[in-house]
Amino acid sequence: KAFTDVSTFRKTYRELSALSDFELRDIGINRGMIHDVAKQAQLEDDATKSKSTFKSEYKLFEVHP
């Protein structure tokens, strides 16, 4: 899990860093925000994975009449 988290952060950071200032401004961020945006992407990815893991574990014990 930790490897995936770092990968999400690094991928987002790398992709945003590769954009020009004009492209960044077009999507509503500036160069100084890249770290925070990448960190947020990591946190959202963690939350999504936690929800999907919980649901699949829940369905494992679900009883159907």
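In which helix do Phe9 and Tyr13 lie, and how many residues apart are they? Both belong to helix H1 (residues 2–17), at a spacing of 4 residues, about one turn of the helix. The model is predicted, so that local features require pLDDT of at least 70 and side-chain atom pairs count only at pLDDT 80 or more, while totals for chains, interfaces and linings use all residues. Residues are numbered from 1 along each chain as its sequence is written, and side-chain values use heavy atoms, with hydrogens and water left out.

The protein chain contains 3 helices and 0 strands, the elements running α-α-α from the N terminus. Helices (H or I, at least four residues) and strands (E, at least two) are DSSP runs, numbered from the N terminus. In terms of pLDDT, the predictor's confidence in each residue on a scale from 0 to 100, the chain has a mean of 80, and 68% of its residues reach 70 or more. Among the elements, H2 has the highest mean pLDDT (95) and H3 the lowest (76).

Of the 65 residues of the protein chain, 18% are classed as buried. Here buried denotes under 20% relative accessible area, exposed over 50%, and partly exposed the range in between (1.4 Å probe, protein chains only). The accessible surface of the chain, computed by the Shrake-Rupley method with a 1.4 Å probe, comes to about 5,400 Å², of which 59% belongs to carbon and sulfur atoms. Among contacts (heavy atoms within 4.5 Å) between residues at least 6 apart in sequence, 47% join residues at least 24 apart.

The structure holds 1 aromatic pair. Phe9 and Tyr13 form this pair in a stacked arrangement, with 5.9 Å centre to centre and 25 degrees between the planes. Rings of Phe, Tyr and Trp (its six-membered ring) pair if their centres lie within 6.5 Å; planes under 30 degrees apart count as stacked, over 60 as edge-to-face and the rest as tilted. Phe9 is buried, at 18% relative accessibility, whereas Tyr13 is partly exposed at 37%.

A search of the whole structure finds 1 salt bridge, defined as a side-chain nitrogen of Lys or Arg within 4 Å of a carboxyl oxygen of Asp or Glu. The side chains of Arg31 and Asp21 form this bridge, at 2.8 Å from N to O. Because Arg31 lies in the loop between helix H2 (21–26) and helix H3 (34–60) and Asp21 in helix H2, the pair ties together parts that are 10 residues apart in sequence. Arg31 is partly exposed at 39% relative accessibility, and Asp21 is partly exposed at 47%.
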